[in-house]
Amino acid sequence: MSRTEHGVRPVRFRFRAMNTDVEVQLATGLEEAMQAEALIRNWFETQERRFSRFLPDSELSRLNRSTGWMPVSAAMDEVLSLAYGYMGQTEGMFQPGILPALREQGYEASFKQEMNGFAPQPSMTDQSRITEIMRTHERSVHSTTEPYDYSRPRWIQREGSRMVHIDHGTQLDLGGIVKGWTVERIAEWLRRTLHIPAGMINAGGDMQTWGTSDHPAWTIYVTDPFLEKRNLTGSIQLRCGAVATSGIWRRRWRLADGSIGHHLIDPRTMASAETDVLQCTVLGKHASQCEIIAKTVCILGSEDALRWLNRHHDPHDVLWITKEGNIIFRGDTELLEERWPGIDPDHRFHLL
C-alpha cells in the first residue's frame with residue numbers, strides 16, 4: 001500500500017470501488033475535475049460489475065457458468081488477452097484458473113463483506129455446504145483429466161469475434177489483473193481525451209501517474225509492514241509511469257487447521273503461497289504489468305523471484321521486504337537514490 005503527494009495542489013477525491021479505496025488527484029480546474037470524477041466513478045463501477053467473481057450476474061460469473069462458446073465484451077476480451085500474455089511472461093505463476101483454490105482456502109466472500117462481519121474462513125454453514133458440493137463436482141472433473149498444468153491457459157479466444165470458450169470445470173478469477181488494467185486505461189483516457197496534463201489514479205496500491213516537465217514529480221510513499229517496530233521511511237519519485245504493491249500481510253485469515261491463509265495462490269500447489277516475501281513494490285510503465293510482477297515475486301519467494309527476473313532480463317525496479325525484515329532491491333541501482341529516496345536496501349542487485 002502507498003500514499004502520494006504532489007508539489008502543487010491538484011484536485012483530490014476518494015471513493016470506494018472494486019473492494020478497495022480509490023484515490024484520484026488531477027492537476028486541472030475544479031469544474032473539469034468534477035466532470036472527470038463522475039466519469040471515473042462510473043468507469044470503476046462498470047468494471048466491478050463486469051469482472052467481480054462475487055456478483056452472480058457479472059459477466060465473469062456468467063462466463064464461469066458457460067458451456068461452449070460465449071460472446072464477451074471488448075473489455076473482457078482485452079483483459080483475457082492480456083492475461084494470456086502475462087501467463088507466458090510469468091511462466092504460469094499468474095494463472096486466472098485459481099478460483100477453486102481460492103474457495104478451497106476459504107476466500108469465499110469479498111473483503112467488503114468481511115468488513116460487515118463475513119470474514120473469509122471455512123465454516124460448515126448452509127452456504128458452505130452448498131460450496132462444498134460445488135467443490136466436490138470440480139474435483140471430480142479434474143480427477144478424470146490429466147494432472148493440472150498450471151502453465152496452460154484454461155480458455156480459448158476466437159480471434160476477431162470476441163467469442164470465448166473456457167475448459168470444462170474451469171473457474172476464472174481475474175482479480176489479479178483487473179484493478180491495474182482499470183487504473184491504466186482510465187488514466188490513459190483522462191490524459192488523451194480530456195487532456196488533463198497531470199494526474200494520479202491509485203486503486204489500493206496499483207497506481208498510474210502522468211505529467212509533463214511543467215509539473216513536479218509525484219511522491220509515492222511505500223508502507224513498511226514493520227512500521228510499528230522500526231522507523232523506516234522511503235518513497236518513490238515518479239512523473240510518468242506506474243507503481244504496484246502486493247503482499248501477504250493484509251488479506252489473510254486463519255484456516256480451520258490453525259494455519260494462516262492468504263489471497264496469493266501458488267498455482268503449482270493450488271494453496272496460499274509459502275513464501276518469504278511479505279510485500280513487493282514494482283516501478284514501471286504500466287500498472288497491470290507492475291501488479292502482475294509484484295504478485296509473481298511474492299508467490300515465488302526471494303531466490304526464485306530473482307532467478308525469474310534475471311532469466312527474463314526484466315527491466316523494472318522491484319523492491320521487496322521479507323518476513324525477516326530484509327529489504328531487497330533489483331533494478332537500476334544507479335538511479336536508486338534518485339527514484340527511491342530514503343530507501344536503503346539490505347541487498348541490491350543490478351539489472352542484467
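Over which residues does pLDDT stay under 50, and how many contacts beyond four places in sequence does the model have for them?

Modeller: This is a predicted model, in which local features need pLDDT of at least 70 and side-chain atom pairs count only at pLDDT 80 or more, while totals for chains, interfaces and linings use all residues. Residues are numbered from 1 along each chain as its sequence is written, and side-chain values use heavy atoms, with hydrogens and water left out. pLDDT is the predictor's confidence in each residue, from 0 to 100. Residues 113-134 stay under 50, and the model has 22 contacts (heavy atoms within 4.5 Å) for them beyond four places in sequence. Residues 140-144 also stay under 50, with four such contacts. Helices (H or I, at least four residues) and strands (E, at least two) are DSSP runs, numbered from the N terminus. Where pLDDT is low, the predicted coordinates should not be read in detail. For the chain, the mean pLDDT is 85, and 83% of residues reach 70 or more.

Elsewhere, three strands form an open antiparallel sheet in the order β4-β6-β5; strands pair if DSSP finds at least two bridges between them. Its edge strands, β4 (70-71) and β5 (155-158), each pair on one side only. In the β4 pairing with β6 (residues 163-166), there are two bridges, and M70 stands opposite V164.
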